[in-house]
Amino acid sequence: QSQEMRMKISTVAANSGCNLETIRYYERIGLMPPPERTPKGYREYSEADVEQLRFISRGRGLGFSLQEIRSLLRLAQDPGISCSEVDQLARKHLDDILVRLKDLQRMARELERTIDHCGGGQRGECTILDSLRQPTT
């Protein structure tokens, strides 16, 4: 074991913003490396692990899928990587976000229209619920 300070999973969770189960899940799917273990089997983490969890959390917050984050992590860990590969992945993600944004704007308009027509009457007369039964256009 190195001289580096080792942390328990609860400390890593607090420092990274990830909850315990999320950290364990990222380990199970190989997004995080298996942690070192104490002789009694407790997980021990480094500051680099905290930084990687922050990277993952920030990527998730930006809407990247776990597969995209896996790719970004590989790119981030390769010192010979060109910025063009990262740029390409970011541009594709931006395109995906813009498509989703258009869909969300369309849904917002539809909800506004439906709410405006809601009479506030009984559930049986609710235009909001009725609109959910209609086929999409």
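Here a residue counts as buried under 20% relative accessible area, as exposed over 50%, and as partly exposed in between, using a 1.4 Å probe and protein chains only. By that scale Glu-47 is partly exposed, at 33%. Welcome to a predicted model, in which local features need pLDDT of at least 70, side-chain atom pairs count only at pLDDT 80 or more, and totals for chains, interfaces and linings use all residues. Residues are numbered from 1 along each chain as its sequence is written, and side-chain values use heavy atoms, with hydrogens and water left out.

**Overall make-up**

- The protein has 6 helices and 2 strands; these are DSSP runs numbered from the N terminus, with helices being H or I of at least four residues and strands E of at least two.
- Reading from the N terminus, the order of elements is α-α-β-β-α-α-α-α.
- Of the 137 residues in the protein, 25% are buried.
- A contact means heavy atoms within 4.5 Å. Taking contacts between residues at least 6 apart in sequence, 47% join residues at least 24 apart.

**Helix H3**

- At the start of H3, a side-chain oxygen of Ser-46 comes to within 3.3 Å of the backbone nitrogen of Ala-48. For reference, a polar contact is a pair of N or O atoms within 3.5 Å; within protein, one must be able to donate a hydrogen and the other to accept it, and residues adjacent in sequence count only if both atoms are side-chain atoms.
- After H3 comes Gly-63, with a positive phi near 90°.
- The buried residues of H3 are Asp-49, Val-50, Gln-52, Leu-53, Ile-56 and Gly-59. They pack against helix H1 (9-16), helix H2 (20-28) and helix H4 (66-77).

**A look at Gln-52**

- Gln-52 sits in helix H3 and is buried because its relative accessible area is 13%.
- Leaving aside residues up to four places away in sequence, Gln-52 touches Leu-31, Met-32, Pro-33, Leu-73 and Gln-77.

**Salt bridges**

- Side chains of opposite charge can pair when their charged atoms come close. A salt bridge here is a side-chain nitrogen of Lys or Arg within 4 Å of a carboxyl oxygen of Asp or Glu, and the count comes to 7.
- One of them joins Glu-21 and Arg-24, whose closest N and O atoms are 2.6 Å apart. The two residues lie 3 apart in helix H2, so about one helical turn separates them. Glu-21 is partly exposed at 48%, and Arg-24 is partly exposed at 24%.
- Another links Glu-47 with Arg-54, with 3.7 Å between the closest N and O atoms. Arg-54 is partly exposed, at 38% relative accessibility.
- Lys-92 and Asp-96 also meet through their side chains, at 3.0 Å from N to O. They are 4 residues apart in helix H5 (residues 83-116), so about one helical turn lies between them. Lys-92 is partly exposed at 45%, as is Asp-96 at 31%.
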